[in-house]
Amino acid sequence: MKAYFLPFIGAFVVFCLVFLALDFSMMKLQGLTLIYQH
Amino acid sequence: MLTRNMKITFGAFMLAILAMFMLPDLMPAVHASEATATESSVAAAPASAAAAAPASAAAAEPVANAITYPPAPKLTEADYPQIKGVNSRVAVWLVAQLHLWFGAFVVAVPMFVFIIEVIGMVTRDERYDNMAYEFIKVSITAYSLTAILGGLLSFGLILFYPDLFKYLALIFKESMWAYALLFFAESAVLYIYYYGWHWLQGGNKKWIHLTFGLLLNAVGLQLMFLANAWTTFMMSPAALDAAGVFNGNTWEAIHNFLWNPINIHRVVANVAYGGSVVGAYAAFKFLSAQKQAERAHYDWVGYNANFIAISALLPLPFAGYYLTAEMYAYSQQMGITLMGGVFAWIFIIQAVLIGALFLSANYYLWCGMGRSEGAYRYNPRIKYIAIVLVIAFLVWFTPHTLVLTNSELKDLGGPYHKYLGVLGIMPAKNTAVNFLLTFTFMSFLFYRRANKVATVSWAAAGNAAQIALFTAGLINIVILGVYHGYFTNTVYKVAASIPQVLTTLVIIIISVVIDAFMYKGAKDVAPLHWGRMSTRSQYALFLLAVSFTWLMGLMGYVRSGIRQHWHISNIFRDGSPDAFTPGLGYAASVVSVGTIIFMAMVIFVFWLSTISGKHVVAKGYWKEQA
């Protein structure tokens, strides 16, 4: 269980950051923000 | 060593994340106001050809002085010759479509034949070389049919649309001449490549043969790009003056607004299509095989063909989105006619066919797991993939508005369904298609792993990392689809589709990298049982080819039909009796008839390849030679 659980948590955090960075940069490159602003 | 590699990989990851945050500040950002201004100016341009003209005319001025082109002719019904009993539009439509289907096939086949030949050379596995030869052999007959249909199309245009043909020939005379000469080059290189296959074997000779393969692809793609320019000029004519008269040069006419988007879309689509047609060929041979060895061979060929088709199918929706976005950018009117007007319902049929493509490709992979003794480890999970695929498929083809009677409209309380209406807009479709792609990739991952056992010490951690990758990625796709799709404005909705697509690509790329390291030096469970495939799986390959053909025909009709009553958008009006958009049912029937004719011709090509290998010894027929 430990062999799966800890790597999963670690990798999940890293990949969440990767996708957050991807969303942030792609939206910003289009002149927009990640969170919708009126 | 392993720890060091993992540290390097982790460090690279963190640097990549940092770079992504920094990227927008390092690059010249496009501000929303600028983007809007640019978009509106581009979009407004083709709405009236006059508005588009000054900028391009100014750019073309230095080279435009040499030739003066006449304005597009104003035609009446009398300018369109008729042949009794022949509907000119349907005749040209069908011939053009058949030419395009065969053309797509013969342009695509040399691309993957070249790659397969390279794989054979690198691995020194002769099976690849034989398979590549078999594919090119099938395409030889198709090549003749492409040329015949191309000739028929030219005659059809000269006979039924002489003024249009003359006008296009005037603008594209140089490229048409180059096209004709390139056709000679294509034929010469193709015949050397095919007939020299067994002659140019081994050592430097193989390199020479590969060079011919590369040359064949270069010429084939050039031919397609030139023909694409004629088509896209009719949609987005370039280098026009204020009166809508062409005053540019050949390059400006070729390099029109939609040329490259079509080029990219057709290259990717052709590979997927070519893969599906050779997959059907393999299925045909598999089903008619008498010996187990033959069945095993064509099962292996079918697997490779399906792999080619899926590999190109995965990026294809993105190329399609790019083309559509460019159509909107060129002309909002054209874009709205395409997806918000009369043609919108064709997109529902398109969605059903694309869904059929994904389901049949996945089904084939699941059946293919039966070749392995180790597949039982993954089989229980297949049903969950199937459930996700079916749900995504249903969302993918849910229409936004329905064709309703007044009473039905009253019962429903409006044009949109209370619950399903929200699934009819693009954010839902984008989310669904990204799920379709991700889970199709997952099927492939399972197939690839079915017969292997990873031997690396970090296999458990690697699996956990892959599950984390898919989980984080799919959550991101859903957040982008739901939050940006339903709680923001249109600009955000469209913009969010880009990180959605990139999320899918990141999942695929990182997963492939992890898998490649994790299964390096992996043990095989048992030898694969090639040929141990159900008959139904082969019909899935047929379904793939038929769906692709029908899809290309329908979407080709839409692409051409959005010009509406114009031969060339906004500058050359269609004056023929057929200058109207036919009903969708009628159009779908014409495309269906075309699909049936094409498939009949393809089966003829397959049959020819079967009889070419037969050799009957007619005893007593020939005179004995002394």
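# Helix packing and other features of a two-chain model

Biologist: Is the crossing of α20(B) and α21(B) right-handed or left-handed?

Modeller: The crossing of α20(B) and α21(B) is right-handed. A crossing is right-handed if the near helix is turned clockwise from the far one by less than a right angle, and left-handed if anticlockwise. This is a predicted model, where local features need pLDDT of at least 70, side-chain atom pairs count only at pLDDT 80 or more, and totals for chains, interfaces and linings use all residues. Residues are numbered from 1 along each chain as its sequence is written, with chains lettered from A and ligands numbered from 1 in the order in which they are written.

Biologist: At what angle do α20(B) and α21(B) pack?

Modeller: The angle between helix α20 (residues 535-561) and helix α21 (residues 584-611) of chain B is about 140°, and their axes are 9 Å apart. Axes are lines fitted to C-alpha atoms, for helices over the stretch in contact, and angles run from 0 to 180 degrees between N-to-C directions. α20(B) and α21(B) are therefore oblique to each other. Angles under 35 degrees count as roughly parallel, over 145 as roughly antiparallel, 65 to 115 as roughly perpendicular and the rest as oblique.

Biologist: Which residues make the contact?

Modeller: On α20(B) they are B:Val546, B:Thr549, B:Trp550, B:Gly553, B:Leu554 and B:Tyr557. From α21(B) come B:Ala587, B:Ala588, B:Val591, B:Gly594, B:Thr595, B:Phe598 and B:Met599. Contact here means C-beta atoms, placed from the backbone, within 7 Å.

Biologist: How do α5(B) and α21(B) cross?

Modeller: At roughly 135°, with the axes of α5(B) and α21(B) coming within 9 Å. That makes α5(B) oblique to α21(B). The contact involves B:Lys137, B:Val138, B:Thr141, B:Ala142 and B:Leu145 of α5(B), together with B:Met601, B:Val605, B:Leu608 and B:Ser609 of α21(B). The crossing of α5(B) and α21(B) is right-handed.

Biologist: And what about α10(B) with α12(B)?

Modeller: Helix α10 (residues 259-288) and helix α12 (residues 316-330) of chain B pack at about 155°, and their axes are 9 Å apart. α10(B) and α12(B) are therefore roughly antiparallel to each other. Their crossing is left-handed. Residues in the contact include B:His265 and B:Val268 of α10(B), and B:Gly320 and B:Tyr322 of α12(B).

Biologist: Stepping back, how many helices and strands does chain B have?

Modeller: Chain B has 21 helices and 4 strands. Helices (H or I, at least four residues) and strands (E, at least two) are DSSP runs, numbered from the N terminus. Among chain B contacts between residues at least 6 apart in sequence, 82% join residues at least 24 apart.

Biologist: How much of chain B is buried?

Modeller: Of its 626 residues, 40% are buried. Buried means 20 or more other C-beta atoms within 10 Å of a residue's own, exposed 12 or fewer, and partly exposed in between, with C-beta atoms placed from the backbone.

Biologist: What does chain A look like?

Modeller: Chain A has 1 helix and 0 strands. Its C-alpha atoms fill a box of roughly 45 × 15 × 5 Å along the principal axes. Of its 38 residues, 29% count as buried.

Biologist: What is the mean pLDDT of chain B?

Modeller: The mean is 88, and 89% of the residues of chain B reach 70 or more. Over residues 26-64 of chain B the pLDDT is below 50, and this stretch has 57 contacts in the model beyond near neighbours in sequence. pLDDT is the predictor's confidence in each residue, from 0 to 100. Where it is low, the predicted coordinates should not be read in detail. For the complex, the predictor gives an ipTM of 0.97 and a pTM of 0.83.

Biologist: Back to helices: what span should α4(B) have?

Modeller: At 1.5 Å a residue, the 36 residues of helix α4 (residues 88-123) of chain B should span 52 Å, and the end C-alpha atoms are 52 Å apart, which agrees. The expected span is 1.5 Å times one less than the number of residues.

Biologist: What comes just after α4(B)?

Modeller: B:Arg124, which takes a positive phi of about 60°. Most residues other than glycine have a negative phi. B:Arg124 is in the loop between α4 and α5 (126-160) of chain B, and with 8 C-beta neighbours inside 10 Å it counts as exposed.

Biologist: What is the phi of B:Gln564?

Modeller: Near 55°, a positive value in a residue other than glycine. B:Gln564 is in the loop between α20 and β3 (566-568) of chain B. With 15 C-beta neighbours inside 10 Å, B:Gln564 counts as partly exposed.

Technical notes. Two residues are in contact if their C-beta atoms, placed from the backbone, lie within 7 Å.
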